[in-house]
Amino acid sequence: MQITELTPAFFPAVVSLANTIHGDNYLSHTNLAAMQLQGIARGINASFVAVDEQQQLVGYRLSFAAGQWQSDNWCSEALWPVARADMAYFKSVGVSAGQRGKGIASSLLRASVTALKQQGAKAGLAHIWRESPGNAAQRYFSRAGAVLVKVHPQRWRHLSETVGYFCPVCGALCNCSAAEMVLTFNAR
């Protein structure tokens with residue numbers, strides 16, 4: 001298994017994997033290209049992919065540099081341990097079904113944290129999908145040292161209503177909740 005920076009060569013495979021895992025219209029080539037740029041600061045890319053021995057994509061992690069993402073209604077800034085200017089954002093992670101449980105997501109997270117720290121971030125925020133099978137996403141992020149800030153009901157419903165996001169759990173109208181979680185980097 002090899003962890004390497006996300007580059008445009010991987011975009012088709014990342015879009016396909018993300019939409020398989022998270023639901024149709026979760027990612028497109030256009031929004032992935034913009035997201036990849038949000039992860040680059042000081043010449044350091046904080047988004048990564050995992051490829052197997054045959055150079056097939058088996059996982060990805062999209063991370064945004066501090067100061068290069070917008071907070072929204074689901075961000076509880078008053079509860080964060082660092083200033084917004086020092087907060088990176090963990091946008092998305094996915095590992096193909098046959099490769100889960102092998103530490104790939106954790107390896108991708110470690111690579112992103114290293115890059116984000118080099119960029120100058122002090123912590124990273126994520127909105128964790130609580131309805132993931134067995135709430136595995138929240139368990140994985142908690143094991144990495146992240147703490148729960150707040151739970152947000154119906155976090156992705158607006159995507160169903162505005163861009164046609166099709167949730168793998170709820171269908172055409174997503175009612176899934178998000179765990180707003182913060183991983184402080186100096187504690188690692």
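Begin by selecting Leu32, Met35 and Gln36, the buried residues of helix α2; buried denotes under 20% relative accessible area and exposed over 50%, with partly exposed in between (1.4 Å probe, protein chains only). Viewed down the α2 axis, these buried residues fall within an arc of 100°, so they line one face of the helix; the arc is that of the directions from the helix axis to the C-beta atoms. Turn to the other side of α2, where Thr30 and Leu37 are exposed.

The model is predicted: local features require pLDDT of at least 70 and side-chain atom pairs pLDDT 80 or more, while totals for chains, interfaces and linings use all residues. Residues are numbered from 1 along each chain as its sequence is written, and side-chain values use heavy atoms, with hydrogens and water left out.

Next, display what covers the buried residues of α2, which includes α1, β2 (40–41), β3 (44–45), β5 and β6. Contact here means heavy atoms within 4.5 Å. Helices (H or I, at least four residues) and strands (E, at least two) are DSSP runs, numbered from the N terminus.

Now select the open sheet, whose seven strands follow the order β1-β4-β5-β6-β7-β9-β8 with mixed pairing; two strands pair if DSSP finds at least two bridges between them. At the edges stand β1 (2–5) and β8 (147–152), each with a single partner strand, so one side of each is left without a neighbour in the sheet. From one strand to the next, the twist averages 25°.

Finally, turn to the rings: the structure holds seven aromatic pairs, defined for Phe, Tyr and Trp (its six-membered ring) by centres within 6.5 Å, with planes under 30 degrees apart counted as stacked, over 60 as edge-to-face and the rest as tilted. Select Trp69 and Trp80, a tilted pair with 6.0 Å centre to centre and 40° between the planes. Both Trp69 and Trp80 are buried. Ring pairs link Phe64, Trp69, Trp80 and Tyr89 into a cluster.

How values were computed:
Axes fitted to C-alpha atoms, helices over the stretch in contact; angles between N-to-C directions.
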